[in-house]
Amino acid sequence: MLSSSLATVKNLPLKKRLSFLLKLVCFVSSVLIFCEFLIYYMVIFQCRWPEVKGGAHMGKKETSTSVLKAIILADTHLLGEIKGHWLDKLRREWQMERSFQTAVWLLQPDIVFILGDVFDEGKWSSPQAWADDVRRFRKMFKYPVSTELVVIVGNHDIGFHYEMTTYKVNRFEKVFNFTSGKLITRKGINFVLVNSVAMEGDGCAVCYTSEAKLMVLSHKLNCSLQKPNNSNKRCGDVGKLPASEPILLQHYPLYRKSDAECSGEDAAPPEEKNIPFKEKYDVLSQEASQKLIWWFHPRLILSGHTHSACEVLHAGKIPEISVPSFSWRNRNNPSFIMGSITPTDFSLRKCFLPYESRVFTIYCAAGALLVILILAHFQLLTPPFYFAQRLISKHKAV
C-alpha cells in the first residue's frame, strides 16, 4: 500500500506538487499570522473605555478633555541572562510586545502605568545585563508622543528590602525617572508614586528618604484639599495642588490576610487563596499600610505583585485593585486595567488578552488538519471499507 502510494506521488506532475506545496505554505502562514498577530487585534478590539458616572452630565467637548484615559498593567517580569531561557524570552516578550503595541494603537490612552517588577532579575543583574534588559524593554514598550509611560519600582527591579541598595534604586530612577514620593498631576488628577519596597519601617537610608518625601507630599496634598476659609497657618507657605484626592500607585498591596475574599476568573487559584500573606514580603506591613492611608486618604489604590486580581476595601471605603500579571509566563489569562479618571470620579474596566490555552488549541487543531491534508494528498488515507477489504484479500492470499 505504502509503495504504491509513493509511486503515485512520484508520478504526479511537478506543477501539481508545487501547487500543493504552495497551498501548505499558505495554510501554515495563515495560522501563524492569526495566532501571533491578528488575534491580539481581535481580542483587544472588543475592549471599551468605561464611562465615568459624571460624564453623562457633561458636554461632549468637556468630557473628552477632562477625562484621563489610563492603562494600568503590572509584573511584566522580562527575563534576564541568568534564569531566562532564550526560547522562553522570545515567546513571552513577543506576546507582551504585540499586546502592548496593539492596545496602545487601538485604545490610544493618555497615560500608561506599569506597577513594578518590570524586570525579573533587576535585583541581581550586572550593569551589562541591566543595559540589555532596558534596551529590550524600550523596544517592547515603545509608545507614541501622545501617550505617557510611568513605571513604578518593584522588588524584582531593585531587590527585596534586604537586597535593596542605593545603587540599584538610583539605577532604576535614572532609566525611568522614578522617585518615591513623586507626584504626577494630569488633568487635575493627583497620582502619588510609592516605592513600596522602601516601606519597611526600619529607618534604613533609602526607607528614611522615601518616607520623608511622602510626608512632605502628604502635607502639600492635605493643604490643597482644605477650603480657603479653613486653611491653617501651617499651609500658608505651601504651594497649592489641584484639590483632588490622590490615587496611590505602588507595587506591594496594602496589608490583607490572604486572597481568600478575592473573586473573579483571574483571581488566585483555589489552592492558593487561603495561604496567609507574609507582611513585608507578600504585602505591606499593617503599620506601613496604615501610614499611607493616614497620610494621603486616597480615593483609589492600584498595586501588583501577587500576579492575581483582587479588589478589597480599606477602612470600609478606600478601594484597592490588585492588577494581575501582564506576562503569560505567570498566567494563562493576562489582562490590564482600563481607567477613565476625572478629578472627582473614576471608572475601571478589565481588558483580557488572548488565553494561551486557546492559542495552543488552535495550533494543535491546525497541526492535526495539516497532517490529514498531507496524508490525503499522498493517498495514504484509505476509507475504512477499502482498508478492511485489502486486509481480507491479503489474508485469503496467504
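1. UniProt, in an unreviewed entry, places the feature "transmembrane region" at residues 20–43 and 360–381. Its positions are given in the numbering used here, feature names are shortened, and annotations may be inferred rather than shown by experiment.

2. The model is predicted: local features need pLDDT of at least 70, side-chain atom pairs count only at pLDDT 80 or more, and totals for chains, interfaces and linings use all residues. Residues are numbered from 1 along each chain as its sequence is written, and side-chain values use heavy atoms, with hydrogens and water left out.

3. Residues 20–43 are 100% helix and 0% strand, with the end C-alpha atoms 32 Å apart. Helices (H or I, at least four residues) and strands (E, at least two) are DSSP runs, numbered from the N terminus.

4. The largest pocket holds about 350 Å³ of space. A pocket here is an open set of points on a 1 Å grid over the protein atoms alone, where a 1.4 Å probe fits, with protein on both sides within 12 Å along at least five of seven lines; lining residues have an atom within 4 Å of a point. Its volume is the space filled by probe spheres set on the points, which are joined across faces, edges and corners.

5. Sixteen residues line the largest pocket, and Phe-277, Tyr-281, Asp-282, His-305 and Thr-306 are the closest to its centre. By class, the lining of the largest pocket has six nonpolar, six polar and four charged residues.

6. The second largest pocket holds about 280 Å³. Of its 17 lining residues, Tyr-143, Leu-149, Val-150, Val-151 and Phe-176 are the closest to the centre. Strand S3 (148–152) is one of the elements that supply at least two lining residues, and its four are the largest share.

Terms used:
Nonpolar A, V, L, I, M, F, W, Y, C, P; charged D, E, K, R; others polar.
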